[in-house]
Amino acid sequence: MMTMIIKFCFFAMALLSITPANAQTEVLFGYRGKNGPNQWGHLNPHFSQCAVGKLQSPIDIQRRDTFYNQKLESLHRNYHPTNATLVNHVCNVAMSFGKGAGDVVIDNKNYTLQHMHWHTPSEHHLHGVQYAAELHMVHKAEDGSFAVVATLFQIGTEEPFLSQMKEKLVKLKEERFKGNHAAQVEVGEINTRHIEHETRKYFRYVGSLTTPPCSENVTWTILGKVKSMSKEQIELLRSPLDISYQHNSRPCQPLNGRRVEMFHELPTE
Ligand SMILES: [Zn+2]
């Protein structure tokens with residue numbers, strides 16, 4: 001039974017939208033071996049972008065590909081306290097938000113906060129460096145496109161939000177050991193306001209979802225400030241997941257001529 005689970009990653013279509021009819025579909029994809037990232041494009045006809053797409057994510061953000069864009073503005077996030085649920089998505093640990101969680105505005109387009117999830121180690125690399133973890137805050141517009149705000153973490157002091165979630169994460173882990181691999185733990189109302197604080201530097205580029213179907217309709221914002229979480233917190237984020245998903249980061253993809261734009265409140269030049 002374990003091997004079944006190891007091979008499957010529950011794919012919440014409500015979050016990543018292929019078609020509503022596919023909701024709850026179990027999709028074969030993993031991070032190594034036969035179902036690993038190099039094979040994703042061949043696992044399902046819906047996943048072809050993973051193999052043939054030219055705007056794929058994640059990427060390594062290299063200085064030589066990065067351009068300061070003075071037209072970019074500070075990130076406008078407007079989050080509200082909302083009910084949240086910790087969810088074991090099998091391929092990652094996520095927190096889904098109820099209605100009215102708030103939004104981010106990019107190029108005059110509104111994207112509503114849907115959920116956030118963590119990858120360990122990080123998916124994006126910054127100047128060639130892969131970090132210990134990456135948080136993705138996933139926002140969706142009415143036309144189905146996404147805006148994902150990513151935060152990179154190095155190992156260090158505790159991350160305050162995860163400290164608050166400690167008991168709930170332990171509960172999610174306990175559920176897995178009871179055999180409930182797709183458990184949900186109610187968190188109640190949480191305040192996401194602390195997450196929207198000032199952003200002095202970020203990188204912006206157009207890319208894809210980093211999990212199948214790898215759809216290329218994502219506006220990425222990678223925050224320039226690398227934050228910290230403790231080693232124990234990284235372990236806690238991994239603990240509800242099966243061993244084959246505890247390393248759940250897709251390798252960096254070719255830039256294929258894309259520009260990575262940079263917002264910086266105090267440009268050095
Ligand atoms: Zn992600």
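User: In which strand is I106 found?

Analyst: This is a predicted model, and the answers below describe that model. Strand β8 covers residues 102-106. I106 is found in strand β8.

User: Is I106 buried or exposed?

Analyst: The test counts the other C-beta atoms within 10 Å of the residue's own, and a count of 20 or more is called buried. I106 has 20 C-beta neighbours inside 10 Å, so the residue counts as buried.

User: Which residues is I106 in contact with, leaving aside its neighbours within four places in sequence?

Analyst: Contact here requires C-beta atoms that lie within 7 Å. A separate distance, taken between C-alpha atoms, is 8.8 Å for I106 and E73, which are 33 residues apart along the chain. With neighbours within four places set aside, the contacts of I106 are Y111, A147 and T219.

User: Which residue stands opposite I106 in β9?

Analyst: Strands of a sheet pair through backbone hydrogen bonds, either parallel or antiparallel. β8 and β9 run antiparallel and are joined by 4 bridges. In β9, the residue opposite I106 is K109.

User: Which residue in the turn between β8 and β9 has a positive phi?

Analyst: β8 and β9 form a hairpin, with 2 residues between the strands. In that turn, a positive phi of about 50° belongs to D107.

User: What is the bridge partner of M116 in β12?

Analyst: β9 spans residues 109-119 and pairs with β7, residues 93-97, in the antiparallel sense over 3 bridges. On that pairing, M116 is the bridge partner of M95. β9 also pairs with β12, residues 133-140, in the antiparallel sense over 7 bridges. In β12, the bridge partner of M116 is M137.

User: How many other C-beta atoms lie within 10 Å of I61?

Analyst: I61 is found in strand β3. The residues that I61 touches, not counting those up to four places away in sequence, include H125, F203, I222 and V260. I61 is buried, because the number of other C-beta atoms within 10 Å is 23.

User: How far apart in space are I61 and L126, C-alpha to C-alpha?

Analyst: Along the sequence, I61 and L126 are 65 residues apart. From C-alpha to C-alpha, the separation of I61 and L126 is 4.9 Å.

User: What distance does helix α6 reach from its first C-alpha to its last?

Analyst: Helix α6 covers residues 166-177 and has 12 residues. At 1.5 Å a residue, the expected reach is 16 Å, and the value in the model is close to this. The helix is followed by G179, whose phi is positive, near 105°. From first C-alpha to last, α6 reaches 17 Å.

User: What percentage of the residues in the protein chain is buried?

Analyst: The protein chain has 7 helices and 18 strands. Among its contacts between residues at least 6 apart in sequence, 66% join residues at least 24 apart. Of the 269 residues in the chain, the buried share is 41%.

Notes:
Residues are numbered from 1 along each chain as its sequence is written. This is a predicted model: local features need pLDDT of at least 70, side-chain atom pairs count only at pLDDT 80 or more; totals for chains, interfaces and linings use all residues. A residue is buried if 20 or more other C-beta atoms lie within 10 Å of its own, exposed if 12 or fewer, and partly exposed in between; C-beta atoms are placed from the backbone. Two residues are in contact if their C-beta atoms, placed from the backbone, lie within 7 Å. The expected span of a helix is 1.5 Å times one less than its number of residues. Two strands pair if DSSP finds at least two bridges between them.
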